[in-house]
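Open the model in your viewer and keep the selection tool at hand. The stops below say what to pick and what is there.

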Amino acid sequence: MRTTTGQRWVLALTSVAALMIMLDALVVTTALHAIQLDLRASLAELEWTVNAYTLSFAVLLMAGAALGERYGRRRVLVAGVLLFSAASAACASAPNLGWLVAARAVQGAGSAAVMPVGMALLSAAFPPAQRTRALGLFAAVTGLATLGGPLLGGAVVEGSTWQWIFWLNLPIAALLVPLMLTRLPESRGEARGLDHLGIGLACAAALGSVWGLLRGDEAGWGSGEVVAAFLLAAIALVAFVRWELRTATPLIPMRLFAARGFSVGNAVGFLLFGSIFSGAFFFAQFLQTVQHHGPLGAGVRLAPWTITLFLVAPAAGKQVNRFGERPLVVVGLLMQAAGYGWLALTAGPQLSYPAMVAPFALCGVGVSMAIPAAQSAVLRSVPLAAVGAASGTFNTLRQLGSTFGIALPAAVFATFGGLGSTAAFSAGFAAAIGTAALLALIGAALGLLLPAGAPVAARSDAQPVAAR
């Protein structure tokens, strides 16, 4: 079935907008060392330059989806791009770490308006038989961020200063906004009110858990501060679930979790992206701190891991129609776990870069198979009217997974290693990447619970896919 010109514009513009968003999640990875030296930041403070972005992104995603359904997806998409670009300018102008973290949080809010409505526009523009291929292409283009983020960050830092990794967002936004206003059709879904209490409880649960993980090693795992943080997170999480089951306008529609593909797909996405961001945070630092490569050199050397998403994801998206999501998710995450485990077992000051190429490639192929399949499992489990809420939920949980995937391995890193020497960094790195391998392994086990596959043409958008 051929695509129309309008469909191609929707795919192109939503993909480029998502690429810009995802670039900013990863572009800092090879710039972290420069930011640390310039702003005199500790490892925990460096984590906040990533986590401030992913936390606000995660907890506001469903609000962004709800705004798109009520006020128009194109309108909210444009507003999100404008907010994101303004926050990028604030990041580039940051005189200290506190300013940078605050601006990164605002960037995350802009991203939360872009990603869910972009996926909803894409899903609404393509019928079921074309949707998985479109999502595969979408994943491939956004996957360029995985390749381009570390490369771009390294090139910019080495050629200029780290501030330019944020200034570069402004010309992209200036090109996107007029094209979106003229080329994208406006669309709406099921109008929903904003769940202000749900947003607050989600923020408290996410912030409490991440704060506890980040402060545990320094303040002590049994300290009042850390215990209080985890207690706050647990209470807020229970209150959030109870509230979401009662309110008429839930932030996350709990009824959708009755579909096995939706619930398992979201759990897999949480663990998958947690594992990915663990590597994104630590690999570039290992290449610079232990192997003494420059920022650009580190970005180039990550290519065997990152380029596979661009090459493999489109083909994996097509295979979902043939085999279903389960085998791609399970095999992909097992490959990710094996690659990470390989690196964890061999890590040390003596580890040479050529010995890292094969496990990098193994991990890259694995996640390239799993990402489009996990997305498809979620979106194909709900009726078309609920696609916006489903995409928002998936992206919320994957961003929370990204934050968790940095905070937990970083806590393990601080327990077993440190920044004082290459030997100390290697010891911490091995423990952190081993933890990330465990996250991927748990995700593979959960993937076995996904419903068995069936051809897309046999499915209807009228009802969710029944768990089999």
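Select helix 3, residues 43–71. Its 29 residues reach 41 Å from first C-alpha to last, close to the 42 Å expected at 1.5 Å a residue; the expected span is 1.5 Å times one less than the number of residues. Helices here are DSSP runs (H or I, at least four residues), numbered from the N terminus. Stop at L60, where helix 3 bends by about 45°. That bend is the angle between axes fitted to the seven residues ending there and the seven starting there. Buried means under 20% relative accessible area, with a 1.4 Å probe and protein chains only. Step on to G72, which follows helix 3 and has a positive phi, near 110°.

A word on the ground rules: this is a predicted model, with local features needing pLDDT of at least 70 and side-chain atom pairs counting only at pLDDT 80 or more, while totals for chains, interfaces and linings use all residues. Residues are numbered from 1 along each chain as its sequence is written, and side-chain values use heavy atoms, leaving out hydrogens and water.

Now colour by pLDDT, the predictor's confidence in each residue, from 0 to 100. The protein's mean is 84, and 93% of its residues reach 70 or more. Find residues 455–468, where pLDDT stays under 50. The model has 32 contacts beyond four places in sequence for residues 455–468; contact means heavy atoms within 4.5 Å. Where pLDDT is low, the predicted coordinates should not be read in detail.

Next, select helix 9, residues 196–219. It has 24 residues and reaches 32 Å from its first C-alpha to its last, close to the expected 34 Å. Helix 9 bends by about 30° at L213. Its buried residues include G198, L201, A205, G208 and G216. Just after helix 9, G220 takes a positive phi of about 100°.

From there, pick A236 in helix 10, residues 224–246. A236 is buried, with a relative accessible area of 4%. Beyond its neighbours within four places in sequence, A236 contacts L201, A204 and A205. Draw a distance from A236 to V16: their C-alpha atoms are separated by 36 Å, and the two are 220 residues apart along the chain.

Which residues have the most contacts inside the largest nonpolar core? Show L100, M180, F283 and W305, within a core of 141 residues. Helix 11 (residues 260–289) gives the most to this core, with 14 residues. Such a core is a set of buried Ala, Val, Leu, Ile, Met, Phe, Trp, Tyr and Cys residues joined through side-chain atoms within 4.5 Å. Zoom to L100. Outside four places in sequence, L100 is in contact with I35, L39, T49, C91, A94, W162 and F166.

Finally, show the aromatic rings. Rings of Phe, Tyr and Trp (its six-membered ring) pair if their centres lie within 6.5 Å; planes under 30 degrees apart count as stacked, over 60 as edge-to-face and the rest as tilted. The count comes to 14 aromatic pairs. W162 and F166 form an edge-to-face pair, 6.3 Å centre to centre with 90° between the planes. Both W162 and F166 are buried. The rings of F283 and F360 have centres 5.0 Å apart and planes at 55°, so this pair is tilted. It links distant parts of the chain: F283 in helix 11 and F360 in helix 15 (residues 354–379), 77 residues apart. To finish, select F283, F286, W305, Y340, F360 and F429, a cluster linked by ring pairs.

Key: Helix = DSSP H or I, 4+ residues; strand = E, 2+ residues; numbered from the N terminus. Buried < 20%, exposed > 50% of the residue type's maximum accessible area, 1.4 Å probe, protein only.
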